Amino acid sequence: MPETKCFVKNYMEDVVWSFLPNVLAKYPEACDCPICKHDVVAIALNQLPPRYVAREQGEIYTKLNTLEIQYRADVYAALTKAIMMVSENPRHDA
Ligand SMILES: [Zn+2]
């Protein structure tokens, strides 16, 4: 059996990152530095159900769109809440 590089991936991470710019665009007052963006994504992901899938390296994404549509409202809500939380209490000086 040939050695295949498999790994486990949380699809929800990709979905949250792909939605982030759209949601941030609605909050021009929110900081979009890397620290705040990663805090926002971490907070949002903690509110969302993980969706782990086994993958092989190089495998092409095919299910992402379906998942995006299925969880769109939840992801938007989680990101909005996370942006509010981080804006109110950023980890760096304003
Ligand atoms: Zn920031």
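A residue counts as buried under 20% relative accessible area, as exposed over 50%, and as partly exposed in between (1.4 Å probe, protein chains only). The structure is a predicted model, in which local features need pLDDT of at least 70 and side-chain atom pairs count only at pLDDT 80 or more, while totals for chains, interfaces and linings use all residues. Residues are numbered from 1 along each chain as its sequence is written, and side-chain values use heavy atoms, with hydrogens and water left out.

The mean pLDDT (the predictor's confidence in each residue, from 0 to 100) is 89, and 88% of residues reach 70 or more.

A zinc ion is coordinated by C31 (SG), C33 (SG), C36 (SG) and H92 (NE2) at 2.0 to 2.3 Å; donors are N, O and S atoms within 2.8 Å of the metal (3.2 Å for Na, K and Ca), and sites may look incomplete because water is not among the atoms. The angles among the four donor atoms run from 93 to 121°, and the site is tetrahedral (four donors with all angles between 85 and 135 degrees). Along the chain the donor spacing is C-x1-C-x2-C-x55-H. C36 lies in helix α2 (residues 34-47) and H92 in the segment after α3 (64-88), so this pair ties together parts 56 residues apart in sequence. Helices here are DSSP runs (H or I, at least four residues), numbered from the N terminus. C36 is buried, at 2% relative accessible area, whereas H92 is partly exposed, at 25%.

V16 is in contact (heavy atoms within 4.5 Å) with V41, A44, L45, L48, V75 and L79, leaving aside neighbours within four places in sequence.

How values were computed. Four donors count as tetrahedral if all angles lie between 85 and 135 degrees; four count as square planar and six as octahedral if opposite donors are over 155 degrees apart and all others between 65 and 115; anything else is irregular. Helices (H or I, at least four residues) and strands (E, at least two) are DSSP runs, numbered from the N terminus.
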